Amino acid sequence: MKEKIYTTKKNGMGVMLLTILFMIGCFVCFIIGAIGLDEMVVPAQVGTALTIFGLLGCIIGWIPFLGLKVLRPQEALVLTLFGKYKGTIREEGFYFVNPFCSAVNPAAATKLAQSGETVAKADVVTVHNTSAGQNAAAAASRKVSLKAMTLNNGRQKINDCLGNPVEIGIAVIWKVTDTAKAVFNVDNYKEYLSLQCDSALRNIVRIYPYDVANDIDTTGDGIADEGSLRGSAEVVAERIKNEIQSKVENAGLEIIEARITYLAYAPEIASVMLQRQQASAIIDARKMIVDGAVGMVEMALERLNEGGMVELDEERKAAMVSNLLVVLCGNHDAQPVVNSGSLY
């Protein structure tokens, strides 16, 4: 289905005024015909004709009002005539179209979970109107919004490439670019978008580990890299965006941006993974301390040899190195011991 721009002039105001004048004229003709027949002011045939014309005009004269359409900026109206797609009005203004044309928007009563809007544990809610006022509001909302909108998908529990369950949520900024595809190619383009966001999120998250892991290829080139959900958030978000775009192209939607809004380990393994992160941090810190201590010991031995202050054999050097490493790598301050005797 290809979008067609409905070509019509913005003559809604003129048609509305003419219709109002026509209705007033019909009402006046009906009154004149009725009064003329009663008082025999006009001939019977003329009075009857005026009465019939006025009555018919009042009965069917309101039909042109059905063709009056008002569009605000960044709105579109998809029109069908007896089931056939006629075109889309995209430009704001006051229009008059075929009164028998009807506006179509299957997602008119569907609300997406927007940022700042709380929907009880659901991303898509279909509103069922019961009162007449709500039904009128739903009819008015058959216009398709062309504005950039935000889908705030709820948190999902997904296993990463190592099998660890993580909770992740994304926000997707999107808009309708082809109204015909959005209305006719899918049943409900808002529900379709939400479902494709969930699917794309799962497809991408399962490629990455939560943290950097060894021997993991996240790019598909056969070479291990350092990609991760936590450290490569921009790259992951871009891949999610491209994945969603490829799935909603046939629905006439454009994905402007996708961003990760929440990322954490699932509660059942969060404490264990925290301990793992703490252990990794401790190991890294210890490694740095040992590297620094070895460098300091080497420097101390070199300085002693250069100055010729003390001649140490291999056994004494080993004892000195051991003592220095214990002092430098220990968690507590060393307790000094003064040896006043011989070195040997």
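This note goes through the nonpolar cores, the cysteines and the aromatic rings of the structure above.

1. The model is predicted, so local features need pLDDT of at least 70 and side-chain atom pairs count only at pLDDT 80 or more, while totals for chains, interfaces and linings use all residues. Residues are numbered from 1 along each chain as its sequence is written, and side-chain values use heavy atoms, with hydrogens and water left out.

2. A nonpolar core is a set of buried Ala, Val, Leu, Ile, Met, Phe, Trp, Tyr and Cys residues joined through side-chain atoms within 4.5 Å, where buried means under 20% relative accessible area, exposed over 50%, and partly exposed in between (1.4 Å probe, protein chains only). The largest such core has 40 residues, and V172, W174 and V176 are among those with the most contacts inside it. Its largest share, 7 residues, comes from α5, helices being DSSP runs of H or I with at least four residues, and strands runs of E with at least two, numbered from the N terminus. Apart from this core lies another, of 10 residues, including Y6 and L71.

3. The count of disulfides (pairs of cysteine sulfur atoms within 2.5 Å) comes to 0. The sulfur of C26 is 5.6 Å from the closest cysteine sulfur, in C58, which is too far for a bond; C26 is buried, at 1% relative accessible area.

4. The rings of F22 and F53 form an edge-to-face pair, because their centres are 6.4 Å apart and their planes stand at 85 degrees (the cut-offs are centres within 6.5 Å, with planes under 30 degrees apart stacked, over 60 edge-to-face and the rest tilted). F22 lies in helix α1 and F53 in helix α2, so the pair ties together parts 31 residues apart in sequence.

Definitions and conventions: Phe/Tyr/Trp six-rings, centres within 6.5 Å; stacked < 30°, edge-to-face > 60°.
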